[in-house]
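Biologist: I would like to go through this model feature by feature. Please give the general idea each time, then the case at hand.

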Amino acid sequence: MSASSLGPIEIIFGASVAAVLTWAGVMAMGRWATRLALIDVPNERSCHVQPKPRGGGLVFVTVTVLLTVGISLLRPDILPKGSYALTTSSLIVAVVGLMDDRWRLSATIRFLVQTGAAAYFVSQGMTLAAVQLPGGFVLSFGWIGLPLTV
């Protein structure tokens, strides 16, 4: 069975669970941000003028990881190839993002970790091979799909 064979009730239920967990997580992270020193104080490059909580991205990735694990236990047949590699790579990038929110990591460190996470994803056999466009047209990338993935 593939993800496309899920019924509308399963899709709506899954999306609803993800939305509720994400909303609750973002609300909780907003409250914890001050205690965890995850506050973005505006500067000359900021679009906002008042301090804002950081760390919301970790909530999205955590919900994705939890749902992926849950699905793998309940219905492993519907997870597409590469789900674990994508989840692991995303978690690595999210943790480094949270560390950056807290300790302001250098761009070099962030770039190296993000590139490493992408390299891990590619090492698991995952590349951007093609994209299906509206109207059924498929845009194939060939060899350029590898650097596009990274």
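Biologist: What share of the contacts in the protein with a separation of 6 or more comes from residues 24 or more positions apart?

Modeller: A contact means heavy atoms within 4.5 Å. Here, residues 24 or more positions apart account for 52% of the contacts with a separation of 6 or more. This is a predicted model, in which local features need pLDDT of at least 70, side-chain atom pairs count only at pLDDT 80 or more, and totals for chains, interfaces and linings use all residues. Residues are numbered from 1 along each chain as its sequence is written, and side-chain values use heavy atoms, leaving out hydrogens and water.

Biologist: Which pattern does the protein follow along the sequence?

Modeller: Helices (H or I, at least four residues) and strands (E, at least two) are DSSP runs, numbered from the N terminus. The order in this protein is α-β-β-α-α-α-β-β-α, with 5 helices and 4 strands.

Biologist: How many of the residues are buried, as a percentage?

Modeller: Buried means under 20% relative accessible area, exposed over 50%, and partly exposed in between (1.4 Å probe, protein chains only). Of the 150 residues, 25% are buried.

Biologist: Where is Arg104 placed?

Modeller: Arg104 sits in the loop between helix 3 (83–103) and helix 4 (107–123). Its phi is positive, about 55 degrees, although Arg104 is not a glycine. With a relative accessible area of 45%, Arg104 is partly exposed.

Biologist: And what is phi of Ala37?

Modeller: Phi of Ala37 is near 55 degrees, again a positive value in a residue other than glycine. Ala37 lies in the loop between helix 1 (8–32) and strand 1 (39–40), and counts as partly exposed at 35% relative accessibility.
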